[in-house]
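Visitor: I am new to this structure. Please show it to me, and then I will ask how the terms are applied.

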Amino acid sequence: MAELPVLIGLLLATAAGTAAALSREPVHQALVLSVLGLALALLFTLLQAPDVALSQLAVGTVLTPLMVLLSVRKVRRRPREESPADGRGEEG
Amino acid sequence: MNGRRTERGRIRRRERPAQPPYAQRPLFHRETRTVNLLPFFCAGWLFLVGCYALATSRNLIHAVGALAVCQSSTYVLLLAVGYRSGGTAPVFSDVPPGARPVVDPVVQALTLTDVVVGATVTALLLALVVQIAKRHGTVDPDELRELRG
Amino acid sequence: MNKAVRLWVLGVGCAGVAVLFAGAFRRLPEFGGSHHPYGARAVAAALHRHTANVVSSVNFDQRSFDTLGEQAILFGAVLGTVVVLRQAKDERRVPPEPAVVAPTVRGYALVSLPLTLLVGLYVVAHGQLSPGGGFQGGLVVATALHLLYVAVDYRALERLRPVPVFALADAFGDAAYLLLGLAVLVAGASFLGNVLPLGTFNTLASGGIVPLLNAAIGIEVAAAAVVLLAQFLDQALELVPRDGEHR
């Protein structure tokens, strides 16, 4: 069964994707999205696509979750305006 | 249609004499087939579960995340189409050309640009969500619909 | 449209997509099969043009016009984000406070910053040889710069990363790609054609136009990622409403 690692990678990515889609809380979802990015990067490496794995690693694990977290922080700040800017996110 | 099918069948048979052409094979017939269908099934599942989350989302930021899951299904599908058993990466800096079979580089190139461009489109969507939150004070699509009246 | 109706429409739509998808992949070539006509031709073309990384050859030589479209989408999305997230009239900037960072975190981040930067530049420069290229390397370079935020604080990052310069670099990368294509056209070949000397296979100077387009994309992607993150960081950390009320 030569394809076994690929199949395991597929199942991992599918499980992570399902978890990311079904997690309702955006902060939680951002963390699961970065796990999905990691699982996809692993799967792409196993599928012999190192070029795609590299860009997925940078985009999926860092860029997208970070932007989601920063958006959540901006949107959450709405109700309590007087909270001082502390210069560093809890996610930072 | 019928003629094309026999045409395809002839080509397939010449390559792999043991197997019948795809067009005449039933879905989910043998165990080996199910394993070979798994990548396409996973891609379809990721797309559908992303769509479900997108449609039932109560938060626009969450909806953008669900869209990212939908995007990832296209990457899985494209790379699964291009995969080749026993193939290596289509890079010839270490492997002399022709020494080993390589996987399909065309789908990899498509996926690669898609990953990066998809991230910037996600950024644009998140920017719009931030702007909606500023102007309307909510990111719940149902509340936004009520605001519109 | 109430919730039950919406779920029903969703269910019908998903079932339809699932049926069509299943019907489509019945006829797809088997997973892991050895019949890849486009792949075989792309590999032959890349070897003919002395490009060791076939994926880069497809992106920047065989399908370079397609990549022009992709990078136009990228540029447009970044431009849109910058416009949407610009500082509005009813917002003011609150300079962020200096932050206290644990010495181990600072040490680790300050060591890994130049290393990551170097790796990113290496990945861009070797795009025609090894896995990597402008898209991936650009992202690594952009990520490396943000280690400064982890190591010191946001003010240090802001000082090192003047956003207008990176916005200009983004436009420069975009323009360079287009101008390279036009230069080839002026030289008498087709738009974005590979007319440069192809060089020796598997050396840094190989692939003709591939390293140049690759570098243009590297500049554009790195600058685009920096500008995008800068917009979101500004929104999350600095910009607050002027009077504490929205609208």
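**Contacts, burial and a kink**

Guide: In this model, 23 residues of chain A are in contact with 30 residues of chain C. The side of chain A that touches chain C has 10 nonpolar, five polar and eight charged residues. The model is predicted: local features need pLDDT of at least 70 and side-chain atom pairs 80 or more, while totals for chains, interfaces and linings use all residues. Residues are numbered from 1 along each chain as its sequence is written, and chains are lettered from A in the order in which they are written.

Visitor: What makes two residues count as in contact?

Guide: Their C-beta atoms, placed from the backbone, must lie within 7 Å.

Visitor: Why is Gln48(A) called buried?

Guide: A residue is buried if 20 or more other C-beta atoms lie within 10 Å of its own, exposed if 12 or fewer, and partly exposed in between. Gln48(A) has 23 within 10 Å, so Gln48(A) is buried. Its phi is near 60°, a positive value in a residue other than glycine.

Visitor: Why does Leu192(C) count as buried?

Guide: Leu192(C) has 24 C-beta neighbours inside 10 Å, and therefore counts as buried. Its phi is also positive, about 65°, although Leu192(C) is not a glycine.

Visitor: Where does the kink in helix 5 of chain C lie?

Guide: The kink, about 25°, lies at Leu113(C), shortly before the proline Pro114(C). The bend at a residue is the angle between axes fitted to the seven residues ending there and the seven starting there. Helices are DSSP runs (H or I, at least four residues), numbered from the N terminus.

Conventions:
Helix = DSSP H or I, 4+ residues; strand = E, 2+ residues; numbered from the N terminus. Nonpolar A, V, L, I, M, F, W, Y, C, P; charged D, E, K, R; others polar.
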